[in-house]
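Morning, everyone. Please bring up the model on your screens, and we will go through it chain by chain.

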Amino acid sequence: MIYKTRHAWTFLFPAILLLLVFSIIPIFWVIYLGFTDYNVFTPPSWVGIENYEKLFNDPKFWAALKNTILYWVMVTPAITILSLLLAILVNQKLKAIKAYQLAYYFPFLVSVVITALLWKWMFATDGMFNYFFSLIGIGPIKWLTSQSTAMISVAIVTVWQGLGYYMLIYLAGLQSVSKELYEAAEMDGAGFWRKHWHVTLPAMRPIIFFVSVISTMGAFKEFTLMLVMTNGGPVNATTTLVFLVFKEAFENINMGYASAIATVLFLLVLIITFINMKIQGTDQKA
Amino acid sequence: MKNTSIKKRKRKKFNYRLRGKIVSYIVLTLIAVFTIVPFIWTLSTALKSANESIFSIPPKIIPVHMTLDNFINVWTQLPIPLYLWNSVIITFWGMLLTMAIATMAGYPLARMRFKGRDFVFLIIIATMMIPVEATMIPIYLILNKMNLLGTFTGVILPTAVNAFGIFLMRQAFLGIPREMEESAIIDGANIFQIWWKILLPQVKPMLATLGILSFIGAWNSFLWPLIILKEQSKYPLTLGLYRLEGAFEASTREVAAGSIIALIPILIVFLLLQRHFVNANISSSIKG
């Protein structure tokens, strides 16, 4: 071959350079900054684990961690289960089924900012959402302005936006499940639910797992929805870890402290990734 | 006797099927209402005139006095056309850079043998685990040092390398038969010609997929504009609408009209390229 090593590095150069500058160096830098006091105007000064001591005694941090986990617990199971059910529903030979699929998928393409705005109006006390609920005699609910429902509202929007995306992922998997298995189940007299419980669920296990992991990652990183819909409120009820990083770094200019929170966030995501790889590894062995 | 019982069973089965279909359509339609209503309602808000209240009980989907005033105001009195133009610039360069860098990097990773290749590939894949939300502080500081705060370059560069895009392009390049390069080499083609003229045409479908993914990403980008851009004249639509909504400069009707304007390009591209979107969705899910 005429390929020489320098050719390879020439083609790789832009990618490696940008990854170094915007991904690899920053992750080490943020860990370092977590051990400093830094306000941008004077150079960072080393303070050891002071930020972490402060962090563990900071009720705002614990509240943000709690909110992040709460959001995750609301979003991930709902998305994992509902989009599978939806995929089963649209995996039928029905007229106009493609149009339905496209309608479900479209919200995923919409900017999170626009999504947040649309739903802010939907969730207004005199908004559309409360109107639907009033038809069945519930409400009016202060979706975004009450501490107890603000996070659920954000979670509903997340599910709305992601449902079609995960549905398509499941759909690709469903279409590769052998038809004979379903026919055999039908021969044995299995009804709709039994058929899917015994055939679909086992066949889809890896994809179900994959969807839950991806939506978990998304849940730990979501920030725009909270910023636009509630600005972290009311009374910090929707302030998550990422939101806290953003606030501390760019509003309070506490770069050191914010970096410590960011490091915790990174470690959380890393731990989840490793647990995921472990489970997937044992899954494949079994 | 036997014949009629079979007929009965068949009819029963037919009824069961029909009922299943009807139930399916009802559920499908209800969910479609759930996904579509926010758009319809925003459109209806954008079409309502200033003296018609947005929130009424029961809500009015079809405005009493339908008007295009909000769209005209948004276009003539608010800087929406400027925001739109900024979004176009950011999207164009963002897409171009992402696609160029990924197709360049994917080529040697798939077609060449050299020391350190597997290591480099591993590092590129590993960076997918670094969430930008965790690194936004150092990236901000780096952009500050490079004097890129407040510039489009600063918005575009941090997300220009898409590790997943490199992975996709590498997979696409792997699938090309060796003979294609070999005959080109015999013809005396140099390395850039092989890449550009021989290999790139072979990976067009994957490049289209990557193009769509980066189009959505760039058109909807918000985090970096939010952190970096301070001058209003540089805002893309996403950031502009967010600021307008918070600033009382614009009424809800006008922000709604602006949102509809922001949705139109995505909707058009989506309707034209439906099939590719589905492919992009599926290949973006292989990354696990």
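Chain B has 14 helices and 0 strands. Helices here are DSSP runs of H or I, at least four residues, and strands are E runs, at least two, numbered from the N terminus. So the pattern along the sequence of chain B is α-α-α-α-α-α-α-α-α-α-α-α-α-α. Its radius of gyration is 26 Å, well over the 19 Å that the globule rule gives for 288 residues, so chain B is more spread out than a compact globule. That radius is taken over C-alpha atoms, and the rule is 2.2 Å times the number of residues to the power 0.38.

Before more numbers, the ground rules. This is a predicted model: local features need pLDDT of at least 70, side-chain atom pairs count only at pLDDT 80 or more, and totals for chains, interfaces and linings use all residues. Residues are numbered from 1 along each chain as its sequence is written, chains are lettered from A and ligands numbered from 1 in the order in which they are written, and side-chain values use heavy atoms, with hydrogens and water left out.

Back to chain B. Its C-alpha trace spans about 80 × 70 × 35 Å along the principal axes. Of its 288 residues, 50% are buried. Buried means under 20% relative accessible area, exposed means over 50%, and partly exposed lies in between, with a 1.4 Å probe and protein chains only. The chain exposes about 14700 Å², and carbon and sulfur atoms supply 66% of that. Those areas come from the Shrake-Rupley method with a 1.4 Å probe; for residues, only the protein chains shown count as cover. Take contacts, meaning heavy atoms within 4.5 Å. In chain B, among contacts between residues at least 6 apart in sequence, 70% join residues at least 24 apart.

Now charge. Chain B carries 28 positive and 12 negative side chains, with the centres of the two sets 21 Å apart. Lys and Arg count as positive, Asp and Glu as negative; His and the chain ends are not counted. Each charge is placed at NZ of Lys, CZ of Arg, CG of Asp or CD of Glu.

On to chain A. There we get 12 helices and 2 strands. The order is α-β-β-α-α-α-α-α-α-α-α-α-α-α. Its C-alpha atoms fill a box of roughly 75 × 70 × 35 Å along the principal axes. Of its 286 residues, 53% count as buried. Its accessible surface is about 13200 Å², with 67% belonging to carbon and sulfur atoms. Chain A has 18 positive and 13 negative side chains, and the two centres lie 8 Å apart.

Last topic: how many salt bridges does the structure hold over all chains? The count is 6. The criterion is a side-chain nitrogen of Lys or Arg within 4 Å of a carboxyl oxygen of Asp or Glu.

In one of them, Glu248(A) meets Lys60(A) at 3.5 Å, N to O. This pair links distant parts of the chain: Glu248(A) sits in helix 11 (residues 241–250), Lys60(A) in helix 3 (residues 59–90), 188 residues apart. Glu248(A) is buried at 5% relative accessible area, while Lys60(A) is partly exposed at 38%.

Also in chain A, Glu186(A) and Lys195(A) pair at 3.1 Å, N to O. Here Glu186(A) is partly exposed, at 40%, and Lys195(A) is buried, at 15%.

In chain B, Arg117(B) bridges to Asp118(B) at 3.5 Å, N to O. Arg117(B) is partly exposed at 24%; Asp118(B) is exposed at 56%. Separately, bridges with shared partners join Arg111(B), Arg178(B) and Glu181(B) into one network.
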